[in-house]
Amino acid sequence: MTDQKDPVVLSCIDGSRYSGAVCDYSAWIASRTGAPIKLLHNIERVSTPAVADLSGSIGLGSQEELLEELTLLEQQRSKLQLEQGRLMLDEARTRVGNAGAGRVMTCQRHGSLAESLIELEDHIRVLVLGIRGEEHGESNRGLGAQLESVVRALHKPILVVNREFKAPQTIMLAYDGSDAARKALDMVATSEVFKGIHCHLVHVGEGADAILAEGAEALHHAGLAVTSVNLTGKTVEALIAYQQENNIDLTVMGAFSHSRLRDLLLGSVTAKMMLGANQPLLLLR
């Protein structure tokens, strides 16, 4: 039986096209760290639709009957959602088990995804979720409705999956010396996840020598192979171009290190990276 004190790889499972890849990346992390996996299916609360004021056309009794029917339909809908979620979780459990995960739990919760994850945060080692939920269908555009609020709310590593699974051989650590970037650096240097993986340490802009030297020293001390690079140009475009040109499998970076107001006025590097990158991103705050 899993020790509930063990921090888990928490995997968000829904009906989206990314659920399979979420399972595969979760199993990869678990196999390298020995951490248990917890598969979460979250059901958003939907209030029973209010009955319109139809007193001018139908009687009160008819309105009461309509409300009862709507309530019954909502109850049936909730049961179907629970059963559908159980089936998803069963399939996900089988998939991560076949991928070598040793300890697997499942969980269903109601409420907003951000609220559920905040309640579970103390037990999370890494959160893994798809870049878009099932409401996006097969669309390749946009971000999941709750993705930004989840990333802003949690202070745990979050792996955003945007493609089919490929075991990472190279990673890019976007490093600017900020507090969030230092958290990312510390994770890369100390986590079993990154042992034996080549790290491209990348900075965009001025002041690169001291910043890159600081990061490279920590990574070399951890025994990692490191390539240090200073890029020029606009941050997001430079990072994405480097990622593509060097076949980077996973990008690690600090997330939302500026205020919401600044991000609103100038745009968020984190959001732009999530929209533009074609490989998964591991985000830390």
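**Entry 1. Strand 4**

I began with strand 4, residues 124–130, and found it mostly covered, since six of its seven residues are buried. I noted at the outset that the model I was reading is a predicted one.

I then looked up the neighbours of strand 4. On one side I recorded strand 1, residues 8–12, which runs parallel to strand 4 and is joined to it by four bridges. Within this pairing, Leu10 has Leu127 of strand 4 as its bridge partner. I also recorded strand 5, residues 158–161, which pairs with strand 4 in the parallel sense over four bridges. Here Gly130 stands opposite Val161 of strand 5.

**Entry 2. The chain as a whole**

I next turned to the overall figures. The chain holds nine helices and ten strands. It has 285 residues, and 47% of them count as buried. I looked up the accessible surface of the chain and found about 14400 Å², with 51% of that belonging to carbon and sulfur atoms.

I asked how much of the contact in the chain, at a separation of 6 or more, comes from residues 24 or more positions apart. The share is 78%.

**Entry 3. The nonpolar cores**

Which residues touch the most other members of the largest nonpolar core? I found Val128, Leu173, Phe194, Leu219, Val252 and Leu282, in a core of 48 residues. Helix 1, residues 19–33, supplies the largest share of this core, with eight residues. I also noted a second, separate core of 42 residues, which includes Leu117, Leu120, Met172 and Leu231.

I followed Val252 further. Leaving aside neighbours within four places in sequence, I listed its contacts: Ile171, Met172, Leu173, Ala174, Ala184, Val188, Phe194, Leu282 and Leu284.

**Entry 4. Helix 7**

I then examined helix 7, residues 235–245. Its buried residues are Val236, Ala238, Leu239, Ile240, Tyr242 and Gln243. What covers them? I found that the cover includes strand 6 (170–174), strand 7 (198–204), strand 8 (226–231), strand 9 (250–254) and helix 9 (269–276). After helix 7 comes Asn247, and I noted that its phi is positive, near 50°.

**Entry 5. The aromatic pair**

I searched the whole structure for aromatic pairs and the search gave one. Tyr25 and Phe165 form this pair in an edge-to-face arrangement, 4.7 Å centre to centre and with 80° between the planes. The pair links distant parts of the chain: Tyr25 lies in helix 1, Phe165 lies in the loop between strand 5 and strand 6, and the two are 140 residues apart.

**Entry 6. Cysteines**

My final entry concerns disulfides. A disulfide is a covalent bond between the sulfur atoms of two cysteines. The rule I applied asks for a pair of cysteine sulfur atoms within 2.5 Å, and by this rule the count comes to zero.

Conventions. Residues numbered from 1 in each chain as written. Predicted model: local features only at pLDDT ≥ 70, side-chain atom pairs only at ≥ 80, totals over all residues. Heavy atoms only, no water. Buried < 20%, exposed > 50% of the residue type's maximum accessible area, 1.4 Å probe, protein only. Contact = heavy atoms within 4.5 Å. Areas by Shrake-Rupley, 256 points an atom, 1.4 Å probe, with all protein chains shown as cover. Pairing = 2+ DSSP bridges. Core = buried A, V, L, I, M, F, W, Y, C linked by side-chain atoms within 4.5 Å. Phe/Tyr/Trp six-rings, centres within 6.5 Å; stacked < 30°, edge-to-face > 60°.
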